[in-house]
Every structure is written in C-alpha cells, then in structure tokens.
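Please open the model in your viewer and keep the sequence panel beside it. The stops below say what to select next and what is there.

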Amino acid sequence: MPVFLPLLDERAGGLVEALTRIGPVVVPPSHISNLPENVQYSITLENSPDVDVDLILSWLNEGVEKIIAPLNLAKGLIAAGLPSSRLSLLLDVGNVSAVTDTVRNGVSGVFLKTPVIDIDLVSSVSKFFTHSSIYVLSGTSFPPTTSNIRELLAIKAIPVIPASQLTLSYTTVDRINIADAFLAPVVSDRPDGLFPTVVTSETGHSLGLVYSSAESVTESIITGKGVYQSRKHGLWRKGETSGATQEVVCISLDCDSDSLEFRVKQHGAGFCHLNRQSCFSDISGLSALESTLRSRLASAPEGSYTRRLFDDASLLQSKIMEEADELCRAVDKKDVAFEAADLFYFALTKCVQVGVGIKEIEESLDLKAKRITRRPGNAKPQWVKTPTAELTPPQAETSKTDVIRMRTADLAGITVDARVELLRRPVLKSDEMMLKVKPIIDDVRARGDVALLELTAKFDKAQLTSTVVLPPFAPETIEIDSDVRAAIDQAYLNIRKFHEAQMDKETLIVETMPGVVCSRFARPIARVGLYVPGGTAILPSTALMLGIPAQVAGCKEIVLATPPRADGSISPEVMYVAHRVGASAILKAGGAQAVAAMAYGTNSVPKVDKIFGPGNQWVTAAKMLVQNDTDALVSIDMPAGPSEVLVIADHTANPAFVAADLLSQAEHGVDSQVILVAVSLTSDKLAEIEREVDVQAKALSRVDIVRESIPKSIIVKASSVEEAIAFSNDYAPEHLILHLENASDRVASIDNAGSVFVGPFTPESCGDYASGTNHTLPTNGYARQFSGVNTQSFQKHITSQQITSDGLKGLGPIVATLADCEGLQAHANAVRIRLSTYQ
C-alpha cells in the first residue's frame with residue numbers, strides 16, 4: 001500500500017511528476033488532463049455529485065483505479081452495479097452511522113474526512129469497515145507529521161495529503177517534503193542507517209542490489225534519475241561517468257518498510273559494471289527476445305531473414321497468421337508450447353517494429369483487466385468456420401463468466417456438516433448494527449422532534465418543518481392514476497376479506513370443574529406503528545399488508561411511518577392507502593429515527609405499543625433495540641432479514657415458471673436467498689431451468705442485483721418429494737413454492753414456512769400484492785417459531801375466571817396444598833380465609 005496519497009489540484013504544479021514516481025494520486029475530474037501518461041490515479045467526485053454514470057464507466061474502462069464518491073452518489077453507483085474493487089466512499093467521520101451494510105460491502109476503500117487526526121477514532125471506524133482500505137484526510141491547514149504518518153500506517157490507515165501541504169523543498173509547519181513523507185515509515189537495521197534497495201527493470205526483472213539513504217531517495221524522487229548511496233563514496237548517480245543512466249519509473253517500499261524497490265528504465269550497456277543487463281544473470285525469455293529483436297532492428301544485415309520480416313509487412317502478417325493457426329491445431333503440451341513460442345516471436349517482431357515493447361504490452365493487459373464493461377467476445381464472421389473432423393474452432397458464444405448461474409449441491413450421501421452449511425444463512429451482525437443505531441435512538445429520545453427533523457434532513461435529504469401529517473389528508477396528496485387506484489381497491493378488498501376471517505370475535509368459555517369458569521377474549525392493541533419502506537421507492541403493498549389487519553382488528557391509533565421524498569412529500573399511492581386504512585397519523589421519517597419516534601413518542605409523534613413492518617438492517621436493529629428497552633414499553637412483530645424463497649420442483653414443473661419464481665426474490669437485493677430443491681430432475685430439465693434463469697435475468701432492469709444474488713444461491717438435488725420437504729422444513733423459508741404433482745396434497749407435510757404457494761399458477765408475486773394473504777413474513781429461519789403478520793398480530797388476548805362459592809370449595813384445597821408446597825403462605829391464606837367463612 002502507498003505511504004500516503006496525494007490529493008492534486010490546480011496548485012500541484014511541479015509536484016505532479018515527483019509524486020507519480022512514488023505511488024498513485026487522487027485528482028478531481030478537472031485535473032485529469034494535467035496528468036502525465038501511464039499514471040495510476042483515482043478520481044474524487046466530492047465536488048461533482050451530478051456526474052453521469054456512463055462517464056464514470058468510461059473513466060474506469062480507461063484505467064482509472066477507483067472512483068471516490070460521497071455517500072449518496074456511492075449508493076447510486078453500487079445500485080448501478082459498479083464493482084466494489086473500483087469504488088471508494090468519501091465520508092465525513094460524523095456520518096459513519098449512516099452507512100448501510102449494502103454500502104459497506106459495495107466499496108473497497110473509505111476516504112475518511114476528519115477535523116484532526118485522531119488515531120483512536122480512525123482505529124474505531126476501521127473496525128467497522130473491515131474489508132476496506134482506510135484513507136484519512138484531515139481538515140487542518142497543516143500537513144500530518146512524519147510521526148502522524150507512522151501512527152496511521154500502524155493501524156493500516158493511509159494519510160491523504162493535499163498538494164497545498166506538500167513541497168519539494170524543506171519541510172516546514174505548513175508543508176511537508178514529499179520524500180520526508182514517503183520515508184516516514186522506513187527503518188534500517190544497519191549501523192550506517194542505509195536502506196537495502198533492489199533495482200529492477202520496467203518489467204520487474206532484477207538488475208542489482210544497492211543501498212539508499214534519505215538524501216539519495218530525495219534526489220531520485222525530485223529528478224527522476226537513479227541515485228543511490230555508495231557505502232564508500234557517498235551519493236552515486238548511476239551512469240554519471242559510464243553513460244548507463246536510469247529513468248525512475250517508480251519507487252516503492254517492501255511490506256516491512258525496511259527496504260526499497262527502484263523500478264527503472266535502464267539505458268546504456270546495462271546495470272552491471274560488467275556491461276550486462278543484470279548483476280545476477282543474463283536476461284532470458286521474452287525480455288531477452290525483446291532485447292535481441294531491438295538489436296536486430298537496428299543492425300540486421302540486408303537480405304537476412306530478420307531484416308525481411310521488419311521490411312516486408314506482408315511476410316510478417318503471413319507468418320503471424322500461420323503460427324496462430326498451428327497453435328490452434330496443436331494438442332500435445334509440448335507442441336502447444338513450441339507453437340506458442342513461434343507465435344510470440346513473430347508477434348513481438350511486429351511490436352518491436354512499431355516501437356512497442358513488453359512494458360507497453362503489460363500496460364495494455366493491465367488496462368484491459370481494469371475494464372468493467374466488456375464486449376460479448378464473439379468471433380468476427382471471417383473467423384467462424386464450419387467445423388471439420390480435423391479442427392473444431394471455438395464457438396462464438398457468450399463468455400462463461402457472463403452466464404447467470406446458481407451453484408449446485410446434492411443431498412445424496414451428504415455429510416451432516418455439509419447439510420448444515422446448505423441450511424446456513426449469511427450471518428447478520430446484529431450486535432454491530434445495534435451499536436450504530438443506538439446513538440440515533442438516544443438522540444430522538446432526548447431531543448424529540450428537533451432531532452427527528454435534523455436526522456430526516458441528514459438521511460432522507462428532505463428539509464421539513466414538521467414530520468407528522470394528520471387526517472383528513474388533502475385531496476391532492478391522494479390523487480393517483482385510475483388503473484392504480486382500481487388495483488389497490490381490489491387488493492384492499494381481497495386482503496380485508498381474508499384478514500376479517502381471521503378475527504377472534506367469540507369469547508372462549510370453558511368450565512374446567514363445577515363452579516370454575518375460565519374465559520379468553522381478544523382486544524385490539526390500542527396504538528400501533530406501521531413502518532413502510534420508501535423514499536424513492538413506492539410501496540403501497542406494504543401499507544396495505546400492515547394497515548388492513550390493524551384496521552380490521554380495531555386499533556384506535558394507526559401511525560404509518562415512511563421516509564419522505566426529497567421534496568418532503570409522500571408518494572400519493574401510499575397516502576391513498578393510508579386514507580383507506582384509516583391512519584391516524586403519517587410520520588414522514590425513515591430508518592432508526594422513525595422507529596425511535598414511534599417507540600418513545602415526541603411532541604408531535606404519538607407513542608405506539610407495537611411496531612410492525614419490514615426494513616433494512618438499520619430498521620431491524622432499531623426495532624430489536626427498543627423492544628428490549630423496558631422504558632419504551634413497545635413490542636415488535638418479528639425480526640427481519642434478507643428476502644428468501646425456496647422452490648420445490650419435480651418433473652411436472654414448467655422451467656420458465658420455476659425460473660421466474662426464483663428471480664422474483666433474487667431481484668430484491670444482493671443478499672436475497674434463493675434455493676431450488678430439484679426432485680429427481682434430469683440433467684436436461686435442470687439445464688433448461690438454468691437457461692431460463694439466465695435469459696429471464698438478463699431481461700430484467702435489476703439484472704446487476706441478480707448477477708450478485710443468483711451465483712450465491714443453490715440448486716439442491718433431492719431423490720424424493722419427502723426428502724425435499726424435510727430439507728425445506730429444516731430451512732424454514734420465508735416463501736415456499738410447490739411446483740409438484742398433486743401439490744395441494746403436500747401442504748399437510750409443511751411444518752415451517754412463512755407462506756406457501758401451491759401449484760404452477762400460484763406465483764409468490766400474488767401473495768406479495770393482492771391474493772389476500774400477508775406478505776410481511778418471518779425470514780432467516782424464524783418461520784420455525786414466528787407466524788407472518790395477521791389480524792391476531794394486532795390483537796392481544798385476555799383471560800378471565802369466575803368461581804362460585806361451591807366451586808371454591810372444590811378447587812380451594814387443591815390451590816392451598818400447592819401454595820404450601822411452594823412455601824407461599826399468603827397465596828394459601830387467600831384461599832383458606834374464604835373457605836373459613838363458609839364453615
């Protein structure tokens with residue numbers, strides 16, 4: 001890793017070339033044109049929040065190392081499928097709590113802006129971003145000291161130093177010398193304090209071993225010449241007398257910071273004083289071939305074969321095509337190596353002829369490796385031939401890496417441990433999330449509406465004067481398209497019909513023994529909070545699924561919380577549903593702050609008794625935290641995790657239907673869990689399902705999400721329906737879909753599932769929206785002990801008992817005996833004092 005990262009701007013001036021010799025740099029888009037060629041650099045978008053995604057992709061394809069983006073832009077780039085290896089997050093240290101796991105897992109670096117360099121704070125933050133490189137940009141007007149640099153590197157954090165704080169002159173309070181910063185961590189175990197230095201060629205081949213000092217390294221960085229420290233004669237400027245000078249390509253430290261590597265372009269006879277390229281051995285392989293060809297280009301005699309190759313473009317082209325054909329025909333390892341060597345010879349001849357060397361080829365390979373958008377890779381028409389018995393040319397097809405495919409496992413002969421692994425979900429770091437949401441909850445609890453408004457501005461980017469909307473709702477806020485209204489109205493009727501049937505209306509009355517009557521009756525939970533995820537999304541379905549059972553149960557207060565859009569409004573579709581279900585208040589806030597407001601109440605937000613609804617890990621952690629706080633006196637519906645589906649399919653299954661059902665959950669998020677249990681399916685049938693998954697996925701707008709979720713999903717082969725259902729019961733999926741012959745007969749065997757979808761014409765989507773069942777279901781295996789949200793979720797049950805005097809005569813002695821057994825004298829006395837009045 002670099003010792004420090006320079007942040008360049010228009011003030012960088014003469015620093016640029018020196019800085020690029022010791023590592024990568026960071027520039028804003030406006031400064032790209034000022035960089036030398038072949039420089040490693042990243043682009044910061046701190047002041048360019050509206051840059052086009054296509055432009056970002058073009059930068060990365062052209063070799064930009066990373067894009068450094070503020071939080072909101074980073075979220076968009078992650079959603080657009082930008083590889084995490086090419087994206088870093090620009091983050092104020094005070095906003096760490098706003099980073100979701102999706103963002104944390106979607107970046108490989110974090111540029112942390114801090115007021116000052118606080119090692120403890122940086123160390124704490126780095127523990128959260130465990131898989132990312134940490135870069136620290138201090139807000140002070142003076143640079144980090146060498147001591148600061150060492151302290152940061154010790155915790156694996158890299159300082160970012162603006163060009164305005166760097167200099168080629170001596171270090172001052174305001175500026176640090178580039179070499180001083182670079183050498184800050186370097187240590188020497190030699191009495192003379194020199195650093196062992198390996199000198200290599202442009203392609204990384206060793207040339208020799210020398211020593212460096214702080215003085216020699218400083219001069220090399222500034223001048224770009226190979227300068228070392230002779231143990232006897234002081235500074236040694238390589239080639240000053242022999243003419244075998246060096247141009248420094250880059251200088252780097254080893255992993256222990258006790259030796260250096262100088263990568264150089266060597267001129268003259270070579271590095272060694274014996275006029276050889278290397279002190280260790282003669283060069284070989286491709287480097288030797290390049291050297292020979294360069295020599296022959298300059299001096300090959302007229303009429304020689306090499307001269308003919310250089311002078312006759314037609315001959316060289318023919319030889320390249322001939323050798324390429326012979327390589328394609330070769331089968332034996334020895335023959336393949338032989339023909340490849342011939343092809344390399346003629347290909348490198350072509351390169352040397354036009355001034356291209358191995359270094360440029362390697363640079364081109366590195367650049368290609370950095371591309372993030374690629375062509376299909378199909379062969380050009382002139383190279384696609386009809387297969388012959390002698391040679392079958394490669395078929396022009398999509399690269400295997402482009403196929404969206406699930407992993408496969410087989411239950412036959414599987415070990416207990418391997419089966420446990422198949423059933424395992426990704427670990428949800430709930431403790432870590434609790435620590436992140438607690439400050440938000442504490443803030444809302446302490447400062448109420450003031451904190452809520454500030455947090456809504458911070459996280460939802462909406463500037464509000466009030467977060468609560470009370471009925472009656474303005475007509476213009478619930479105006480929606482007539483087709484959407486009709487769909488919502490029908491869904492409302494279906495869902496209400498099914499949830500009304502669940503009502504526990506009758507009082508249960510049981511006489512357990514003569515004169516002893518016990519009863520149980522339901523009452524609605526008075527005040528409920530419904531969390532509907534939102535922001536830029538529109539989720540009226542969740543508002544229906546939570547609002548209708550609350551309405552049916554007879555809850556007196558229904559507080560619906562949903563994140564506002566940037567303009568402070570709520571989507572009219574959600575507003576319309578809130579109107580239909582009789583919401584008593586709408587809270588325009590999302591995340592942990594909304595959960596806290598409903599749990600504790602504020603001046604404007606009514607406190608609730610139970611909180612329902614799905615959400616991201618922030619929402620889930622907040623719900624679990626407030627439920628465990630006895631001061632809040634609030635319960636929740638259930639813990640939540642990533643969406644999941646398990647599909648059981650046999651020979652009757654339609655591959656297109658199965659693939660569509662798998663993808664309907666896979667598109668939810670990169671952490672969605674998708675499992676297909678294949679019951680004795682043939683390889684052809686499985687291949688057909690996999691083809692359908694690939695084809696349908698590529699037609700989806702959210703294909704980039706699917707590309708990540710499907711490869712982490714599994715096809716589990718089972719030998720029977722019974723084995724498949726046993727596996728499903730152990731997995732306890734949120735959604736279970738049965739593509740089985742006589743599927744309805746198999747429902748009786750299902751013990752653990754959030755909701756079951758029976759037969760080929762029952763897609764999970766219907767349950768999500770309008771069949772009548774509820775789509776708020778237990779995930780992460782909680783279907784073993786939790787039900788999905790239903791009408792009774794919004795009710796509580798109260799028991800009562802009434803005993804006559806005769807009933808007490810029969811029951812009382814039993815109670816008194818048991819109370820005596822437990823040593824609870826007052827319990828027994830409460831019975832005996834009554835019995836004594838009738839004796």
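Select W618, V619, T620, A621, A622, K623, L625 and V626, which are the buried residues of α21; buried here means under 20% relative accessible area, exposed over 50%, and partly exposed in between, with a 1.4 Å probe and protein chains only. Because 8 of the 11 residues of this helix (residues 617–627) are buried, α21 is largely enclosed by the rest of the structure. Helices (H or I, at least four residues) and strands (E, at least two) are DSSP runs, numbered from the N terminus. This is a predicted model, in which local features need pLDDT of at least 70 and side-chain atom pairs count only at pLDDT 80 or more, while totals for chains, interfaces and linings use all residues. Residues are numbered from 1 along each chain as its sequence is written, and side-chain values use heavy atoms, with hydrogens and water left out.

Next, show helix α20 (residues 591–600) together with α21: the two pack at an angle of about 25 degrees, with their axes 8 Å apart, where axes are lines fitted to C-alpha atoms, for helices over the stretch in contact, and angles run from 0 to 180 degrees between N-to-C directions. That angle makes α20 roughly parallel to α21, a label for angles under 35 degrees, with those over 145 counted as roughly antiparallel, 65 to 115 as roughly perpendicular and the rest as oblique. To see what makes the contact (heavy atoms within 4.5 Å), select G591, A592, V595, A599 and Y600 of α20 with W618, V619, A622, K623 and V626 of α21. The residues of this contact divide into 8 nonpolar, 1 polar and 1 charged; Ala, Val, Leu, Ile, Met, Phe, Trp, Tyr, Cys and Pro count as nonpolar, Asp, Glu, Lys and Arg as charged, and the others, Gly among them, as polar.

Move to K319, which is placed in helix α11 (residues 313–329). Is K319 buried or exposed? K319 is buried, with a relative accessible area of 16%, and, leaving aside its neighbours within four places in sequence, K319 is in contact with Y305, L309 and F346.

Then centre on H735, in strand β29 (residues 735–739), which counts as buried at 2% relative accessibility. Not counting residues up to four places away in sequence, H735 touches S643, E644, V645, L646, Q665, S755, F757, E764, D768 and L777. Of these contacts, S755 is 20 residues from H735 in sequence and 5.2 Å from it in space, C-alpha to C-alpha, whereas the backbone oxygen of E644 is reached by the side chain of H735 at 2.8 Å.

The last stops concern the backbone. Most residues other than glycine have a negative phi, and most peptide bonds are trans. Select P471 and P472, where the peptide bond from P471 to P472 is cis, with omega near 0 degrees; P472 lies in the loop between β18 (468–469) and α17 (482–500). Now select S257, in the loop between β15 (246–253) and β16 (260–266), whose phi is near 55 degrees, a positive value in a residue other than glycine; S257 counts as buried at 16% relative accessibility. Finish at K461, in the loop between α16 (449–459) and β18, where phi is positive, near 60 degrees, and where the residue counts as partly exposed at 43% relative accessibility.

Methods
A polar contact is a pair of N or O atoms within 3.5 Å; within protein, one must be able to donate a hydrogen and the other to accept it, and residues adjacent in sequence count only if both atoms are side-chain atoms.
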